[in-house]
Amino acid sequence: MSPSSRSTAAAKELLGDFAGVLITDRWSAYSAWSLARRQLCWAHLLRDFNFIAESKGTAGQVGRALLRLHKKLFRCWHRVRDGTMAREVFKKKAAAIRVDIELLLKRRRLPGAQGRGDVPRNSERVSGPLDLR
């Protein structure tokens with residue numbers, strides 16, 4: 001795909017009949033694929049979590065909680081890769097972490113916090129497909 005053709009049609013031409021899970025940024029052309037077949041890039045998510053964590057008040061607390069969950073997830077993943085955790089155990093742990101991440105993003109506050117908090121409005125841009133397979 002040439003840089004001058006960042007269209008959905010160009011993406012479809014490049015990917016053809018790709019049947020796996022796409023790891024993507026938030027480029028609008030990827031919306032042609034179902035959320036079940038896409039995963040947001042963790043490097044992009046980590047950058048967003050850091051941005052939120054640098055905020056003051058509840059937003060910063062939520063961001064730091066997101067960073068802790070990110071660290072927890074990748075510690076588990078590294079254990080799968082080094083053979084000290086079974087993939088089935090990882091899947092269960094990852095599912096729980098996913099729920100926690102989604103709750104933080106949807107509620108825009110820490111679990112148990114009163115009120116909506118002051119998480120930036122643009123924090124919902126980090127939500128979307130979080131494939132933790």
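Colleagues, the structure is a predicted model, in which local features need pLDDT of at least 70 and side-chain atom pairs count only at pLDDT 80 or more, while totals for chains, interfaces and linings use all residues. Residues are numbered from 1 along each chain as its sequence is written, and side-chain values use heavy atoms, with hydrogens and water left out.

I begin with the overall architecture. The chain has 4 helices and 2 strands; helices (H or I, at least four residues) and strands (E, at least two) are DSSP runs, numbered from the N terminus. Their order from the N terminus is α-β-β-α-α-α. Of the 133 residues in the chain, 35% are buried, where buried means under 20% relative accessible area, exposed means over 50%, and partly exposed lies in between, with a 1.4 Å probe and protein chains only. The accessible surface of the chain is about 8200 Å², and carbon and sulfur atoms hold 54% of that area; the areas come from the Shrake-Rupley method with a 1.4 Å probe, and for residues only the protein chains shown count as cover. Among contacts in the chain with a separation of 6 or more, 45% are between residues 24 or more positions apart, a contact being heavy atoms within 4.5 Å.

I turn next to helix α3. This helix has 26 residues and reaches 38 Å from its first C-alpha to its last, close to the 38 Å expected at 1.5 Å a residue; the expected span is 1.5 Å times one less than the number of residues. Its buried residues include Val62, Leu66, Leu69, His70, Leu73, Cys76 and Val80. An α-helix has 3.6 residues a turn, so residues three or four places apart point the same way. After α3 comes Gly83, with a positive phi near 85°.

Which parts does the pair of Trp77 and Phe90 tie together? The two rings form a tilted aromatic pair, 5.4 Å centre to centre with 55° between the planes. Trp77 lies in helix α3 (residues 57–82) and Phe90 in helix α4 (residues 87–107), so the pair ties together parts that are 13 residues apart in sequence. Phe90 is buried at a relative accessible area of 3%, whereas Trp77 is partly exposed at 24%. Also in helix α4 is Glu102, which is partly exposed with a relative accessible area of 21%. The C-alpha atoms of Glu102 and Leu66 are separated by 9.6 Å, and these residues are 36 apart along the chain.

How many aromatic pairs does a search of the whole structure find? The search finds 4; rings of Phe, Tyr and Trp (its six-membered ring) pair if their centres lie within 6.5 Å, and planes under 30 degrees apart count as stacked, over 60 as edge-to-face and the rest as tilted. One of these is the tilted pair of Tyr30 and Trp33, at 6.4 Å centre to centre and 50° between the planes. Both Tyr30 and Trp33 are buried, and ring pairs link Trp27, Tyr30 and Trp33 into a cluster.

Tyr30 is also among the contacts of Thr24, together with Arg38, Gln39, Leu40 and Cys41, leaving aside neighbours within four places in sequence. Thr24 itself lies in strand β1 (residues 22–24) and is buried, with 2% relative accessibility.

Finally, the cysteines. Cys41 is buried at 19% relative accessibility, and Cys76 is buried at 10%. With a disulfide defined as a pair of cysteine sulfur atoms within 2.5 Å, the count is 0.
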